[in-house]
Amino acid sequence: MPFRLDFDVKIKQGASIALAEHNTDESVFAEINIGGRVNTLANVRPCYLICLDIVATHEEQGLVNASEYRPFWIDYKGGVVRIGKGGQEAAFVEWDAGAYHQRVPTRVHFGVSSWGNAEGYWKLHQKCA
């Protein structure tokens, strides 16, 4: 804590990132999708796979691109998940996972995937102080 992930992704649609307290599907507390609904939506779900609840959304055409890498960041601090575009300080999605789950996970593991049959390419960045 706090957790921050800076990444670039090149994908047609459906870049997915899961935040979990442990290395298990059951401990996922935020599943993030960027470029969903034919690349017009970013959303957050409070759990993994069988979870249909969407707790935060942002609508925008062309969030991701199959021909070029697009930079994004995700941070998690004090129970709040924020998602933004690389080079911008303001988040385009913010959600209080701690309030929703009535607890604040103190450890964060993450996983990335390409939704459905979308072919995705990822670059994960580590910033050193």
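Visitor: Start with Cys 51: buried or exposed?

Guide: Cys 51 is buried, with a relative accessible area of 6%. Buried means under 20% relative accessible area, exposed over 50%, and partly exposed in between, with a 1.4 Å probe and protein chains only.

Visitor: What kind of model is this, and how are things counted?

Guide: This is a predicted model, in which local features need pLDDT of at least 70 and side-chain atom pairs count only at pLDDT 80 or more, while totals for chains, interfaces and linings use all residues. Residues are numbered from 1 along each chain as its sequence is written, and side-chain values use heavy atoms, with hydrogens and water left out.

Visitor: Back to the cysteine. What does Cys 51 form with Cys 47?

Guide: A disulfide, with the sulfur atoms 2.3 Å apart; the criterion is a pair of cysteine sulfur atoms within 2.5 Å. The link of Cys 47 and Cys 51 is right-handed, with 105° about the S-S bond. Cys 47 counts as partly exposed, at 25% relative accessibility.

Visitor: How many disulfides does the structure hold?

Guide: One.

Visitor: Now sheets. What is the order of the one with S5 in it?

Guide: S5-S4-S3-S2-S9, an open sheet of five strands with antiparallel pairing. Strands are DSSP runs (E, at least two residues), numbered from the N terminus, and two strands pair if DSSP finds at least two bridges between them.

Visitor: Which strands stand at the edges there?

Guide: Strand S5 (56-59) and strand S9 (109-114); each has a single partner strand, so one side of each is left without a neighbour in the sheet.

Visitor: Who pairs with those two?

Guide: Strand S4 (residues 41-45) is joined to S5 by four bridges, and the partner of Ala 42 in S5 is His 58. Strand S2 (residues 15-20) is joined to S9 by six bridges, with Ala 18 partnered by Gly 111.

Visitor: Which residues are on the covered face of S5?

Guide: Ala 56 and His 58, whereas Thr 57 and Glu 59 make up the uncovered one.

Visitor: And the sheet with S8?

Guide: Five strands form that open sheet, in the order S8-S7-S6-S1-S10, with antiparallel pairing. Five bridges join strand S1 (residues 3-10) to S10, and Phe 7 stands opposite Leu 124 in S10.
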